[in-house]
Amino acid sequence: MENNKEKLSIDIAKLYYKSNYSQQQIATELNISRPTVSRLLQYARDKKFVQINIIDPVEDSGNLERLIADKYDLEDVKIAYAPINTRDEIKKTIGAKGADYLYDITKDGDIIGVSWGLTIYNVALNLRPKTLKGIQIVQLKGGVSHSQSNTYAYEVVGLFSEAFATVGQYLPLPLMFDNVKVKELVESDCHIKRILELGRQANIAVFTVGTVMDDALLFRLGYIGEKDKKMLKQKAVGDICSRFFDADGNLCDESLDKRTVGIKLEELKNKEKRILVAGSQRKIPAIKAALIGKFANVLITDQYTACELI
């Protein structure tokens, strides 16, 4: 009985998709009801007898990717196509594109350094398992927070580690200390030193940019006082790994930077693959500055952001 249903659903799918019969024409031809035709078409899709690919000519993004790569001297640009221009949808689409890119480029022995935040969490959620030898995952900046705002620091390392079948190295520190001496003392611990050094050794870095808007995640976490926040909103356009930079890609404030835990911007430039995953209108000034500052050599973004960058 099941075989007869499968055969009938395939015959109906061929008439509908290949011969361009309407559902009513199929019903008349086979002497069955139109709702039965509709149900069997759905059955064929559910059983994967029918797989639908949508070819969108707008997605021929090669030219736009080349333009951005040439303008900002990038090694690679990948554009994800978000169906609507919203922050949530853009995060989802560039997250999936970033995960696909990582799957393609990772090889035995790679050390992958990751930052955190919702964009990188979306990359992590979309990672496909890839079994390689000697892969290591390390957190690039402190992720401990006492705020109710989720940084996704723990989840990101966990999901990356699961995808590459390895044990992740967490950096169990706040992203910023009040006192430089306390920070230096903590960083002198042999375990912490080893994780920080592994972050410096990473040949792949996956990160995003933050903004200096009032609702920016770093501001909501409570580590930056009102005086520093006011200064950053005047001088900075964004941050990478909690290191703030201006429109020309220059570090904004050394005193704040010295209190920050994790990889430095200059150290980031030494990576073989520096993968910036970022998009949306609010992040364009920070993305531009990050590219001008040469902090990334790979950009994963969406079509709306890409057009603005050109």
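This is a short walk through one predicted protein model, from its overall build to a few single residues.

Hi everyone, thanks for coming. Some ground rules to begin with: the model is predicted, so local features need pLDDT of at least 70 and side-chain atom pairs count only at pLDDT 80 or more, while totals for chains, interfaces and linings use all residues. Residues are numbered from 1 along each chain as its sequence is written, and side-chain values use heavy atoms, with hydrogens and water left out.

Let's take the whole chain. The protein chain has 15 helices and eight strands; these are DSSP runs, H or I of at least four residues for helices and E of at least two for strands, numbered from the N terminus. Along the principal axes, the C-alpha atoms fill a box of roughly 85 × 40 × 35 Å. Of the 310 residues, 52% count as buried (buried is under 20% relative accessible area, exposed is over 50%, and partly exposed lies in between, with a 1.4 Å probe and protein chains only). Among contacts, meaning heavy atoms within 4.5 Å, between residues at least 6 apart in sequence, 72% join residues at least 24 apart.

Now, on to the cores. A nonpolar core here is a set of buried Ala, Val, Leu, Ile, Met, Phe, Trp, Tyr and Cys residues joined through side-chain atoms within 4.5 Å. The largest one has 30 residues, and Val209, Ile240, Leu276 and Leu291 have the most contacts inside it. At least two residues each come from α4, β1, β4, α13, α14 and α15, with α14 giving the largest share, five residues. Take Leu276: beyond its neighbours within four places in sequence, its contacts include Phe207, Val209, Ile287, Leu291 and Ile300. There is also a second, separate core of 29 residues, with Ile90, Ile94, Tyr101 and Val114 among them.

The axes of α6 and α7 come within 9 Å and cross at roughly 25 degrees; axes are lines fitted to C-alpha atoms, for helices over the stretch in contact, and angles run from 0 to 180 degrees between N-to-C directions. The two helices are therefore roughly parallel to each other, a label for angles under 35 degrees. On the α6 side, the contact is made by Ile120, Tyr121, Val123, Ala124 and Leu125, and on the α7 side by Glu155, Val156, Leu159 and Phe160.

Is Ser242 buried or exposed? Ser242, in the loop between β5 and β6, is buried, at a relative accessible area of 1%. Setting aside residues within four places in sequence, Ser242 is in contact with Lys141, Leu175, Leu218 and Thr260. Asn203 sits in the loop between α9 and β4 and is buried as well, at 16%. Not counting residues up to four places away, Asn203 touches Lys107, Asp110, Ile111, Lys271, Glu272 and Lys273. Asn20, by contrast, is exposed at 64%, in the loop between α1 and α2. With residues up to four places away left out, Asn20 touches Leu15 and Gln25. Thanks, and I'm happy to chat.

Key: Parallel < 35°, antiparallel > 145°, perpendicular 65-115°, else oblique.
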